[in-house]
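Here are my notes on the model you sent over. Have the structure open while you read, and go through the points in order.

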Amino acid sequence: MYRIIRKKILNAAVVQMEIEAPLVAAKAKAGQFIILRVDEEGERIPLTVAGTCSEEGTVKIIFQIAGATTYLLSQKREGEFLRDFSGPLGCAARTEGIQKVCLVAGGVGAAIALPVAEAFFRGKADVTAIVGFRSRELVILEEEFRAASDRTFFTTDDGSFGEKGSVTLPLARLLAGGERFDEIFAVGPLVMMKYVVETARPYQIPVTVSMNPIMIDGTGMCGGCRLSLLREGKKIMKFACVDGPDFDGYEVDFDEAIARNRMYAEFERKAYERTCNLFGRAEK
Ligand SMILES: Cc1cc2nc3c(=O)[nH]c(=O)nc-3n(C[C@H](O)[C@H](O)[C@H](O)COP(=O)(O)OP(=O)(O)OC[C@H]3O[C@@H](n4cnc5c(N)ncnc54)[C@H](O)[C@@H]3O)c2cc1C
Ligand code: FES
C-alpha cells in the first residue's frame, strides 16, 4: 500500500499528488512512468513521474481527470493509500549531448514535459519551453516552467493567457526566424505532436515525441501499447512501455496511433459514467 503524502488541486481537472514510494523515488529518472491501481478491483493506469524526493522517498504524479480511474484517484485524500504503485517503467528521456532544446507541451502534457525540461536545464542545456492550454483556467505549472527554462512561451486557444492559438505558432515563428535546436521534444495530444513534426520537417530538426497509448501491464507482455513506426519504407512494431515512451516523431504512424487510441472510447465513457453515478457526480 502506498500513502498519499500531499495532494494539491492544480486546476478544475488536474490534481498533483506526492506518494510515499521510496524504491521508485530512488530509481526514477525524467521521462519514466509508474503504473498504479487505486484499489484491489482497480484498473491499472500509467502516469509519468513528475518529480521525486529521495530524502522523503516520495514520487510526484500530476494527472488529469480523464475517466473512471483518474476520477477515483482524484477522490482520494492525503493520508489515504493506493493499492499498487509500480515503477519506474519505460526508458528515461535522452538528454546527453543535447545543448539546445525546445520542449513543446499541450494540456496535461505539461506534466510530462516538465521533468524532462528540468533534466535538460540541470544538464546546462539551453531550454526553450512552449506550453499551450485551451484557456487561462487550465494553465498549470507556469512558475515551474519559467524556473526550468531559459525562455518560455505560453499559448491558449482562446487567447485568455499568453499568445492566442496553438503551440505550433511560436515554434513556426522561431524556426522561420532562423532559430535552430538540437532537438524538439513534444508531448501532448497526438494531433498536436503530429503538427509539431510537420512544423519541424522543413528544417530537418530531430523531433522526439512522448507517446501515451493504452497500457496494461507496462512490461512488454500484453501488446496493448503497440505502435507502428515507418523506418526506411518499412513498417516496424514497437511497444511504447518498454521501447518508449519517447520515439522519433518522423517515424511514428500518427494516423494509426490516433485510430487505436479511439478504440475503447465508448467503453471508457460508460465506465466513467458508472463511477460518477456511484459518487453522485454529474456526467462528463
Ligand atoms: C506512459 C504514459 C504516461 C502518462 N502520463 C500521464 C500523466 O502524467 N498525467 C496524465 O494526466 N495522464 C497521463 N497518461 C494518460 C493516463 O494514463 C490516462 O489519462 C488514464 O489512464 C485515464 O484513465 P481513466 O480510467 O481515468 O480514463 P478512461 O476513461 O479509461 O480513458 C480516458 C483516456 O485516457 C487514455 N487511457 C485510458 N486508459 C489508459 C491506459 N491504461 N493507458 C494509457 N492511456 C489510457 C485513453 O486515451 C482514453 O481515451 C499517461 C499515459 C501513458 C501511456
Ligand atoms: S503495456 Fe503491455 S506491452 Fe506495453
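1. Let's start with helix α3, residues 109-122. Its buried residues are G109, A110, A111, I112, A113, L114, P115, V116, A117 and F120; "buried" here needs 20 or more other C-beta atoms within 10 Å of a residue's own, "exposed" is 12 or fewer, "partly exposed" is in between, and C-beta atoms are placed from the backbone. That makes 10 of the 14 residues, so α3 is mostly covered. Helices (H or I, at least four residues) and strands (E, at least two) are DSSP runs numbered from the N terminus.

2. Before going on, some housekeeping. This is a predicted model, in which local features need pLDDT of at least 70 and side-chain atom pairs count only at pLDDT 80 or more, while totals for chains, interfaces and linings use all residues. Residues are numbered from 1 along each chain as its sequence is written, and chains are lettered from A and ligands numbered from 1 in the order in which they are written.

3. Back to α3: from its first C-alpha to its last it reaches 20 Å, close to the 20 Å expected at 1.5 Å a residue (the expected span is 1.5 Å times one less than the number of residues). Just after the helix comes K124, with a positive phi of about 75°, although K124 is not a glycine. K124 lies in the loop between α3 and β10 and is exposed, with 8 other C-beta atoms within 10 Å.

4. Now the core. The largest nonpolar core has 82 residues, and I34, L103, V104, A113, A117 and V196 touch the most other members. A core of this kind is a set of buried Ala, Val, Leu, Ile, Met, Phe, Trp, Tyr and Cys residues joined through C-beta atoms within 7 Å. Helix α3 gives the largest share, 8 residues. Domain 1 (2-89) and domain 2 (100-261) both contribute, so the core lies between them; those bounds come from an automatic or database domain assignment.

5. What does V196 touch? Leaving out residues up to four places away in sequence, V196 touches V104, T168, L171, I184, A186, V207 and G249. Contact means that the two C-beta atoms, placed from the backbone, lie within 7 Å.

6. On the domain pair: the C-alpha centres of domain 1 and domain 2 lie 22 Å apart, and 17 residues of domain 1 are in contact with 17 residues of domain 2. On the domain 1 side, β1, β3 (33-37), β4 (45-48) and β6 (58-64) each supply at least two of the touching residues. That side has 11 nonpolar, 5 polar and 1 charged residues. For those classes, Ala, Val, Leu, Ile, Met, Phe, Trp, Tyr, Cys and Pro count as nonpolar, Asp, Glu, Lys and Arg as charged, and the others, Gly among them, as polar.

7. Next, the sheets. One open sheet of 5 strands runs in the order β5-β6-β2-β1-β7 with antiparallel pairing. β5 (51-53) and β7 (81-82) stand at the edges with a single partner each, so one side of each has no neighbour in the sheet. Strand β1 (residues 2-11) pairs with β7 over 2 bridges, and R3 stands opposite F81 there. Two strands pair if DSSP finds at least two bridges between them.

8. Strand β9 (residues 100-106) has 6 of its 7 residues buried, so β9 is largely enclosed by the rest of the structure. Its pairing with strand β10 (residues 126-133) is parallel, over 7 bridges, and G106 has G132 as its bridge partner.

9. Some backbone spots are worth a look. A cis peptide bond joins G87 and P88, with omega about -5°, and P88 is in strand β8 (residues 84-89). Another cis peptide bond joins G244 and P245, with omega about 15°; P245 sits in the loop between α7 (240-243) and β17. Q204, a residue other than glycine, has a positive phi near 55°.

10. Finally, two loop residues. E251 sits between β17 (246-248) and α8 (254-261) and touches L229, L230 and R231, not counting residues up to four places away in sequence. F161 is in the loop between β11 (151-156) and β12 (163-164), and counts as partly exposed with 17 C-beta neighbours inside 10 Å.
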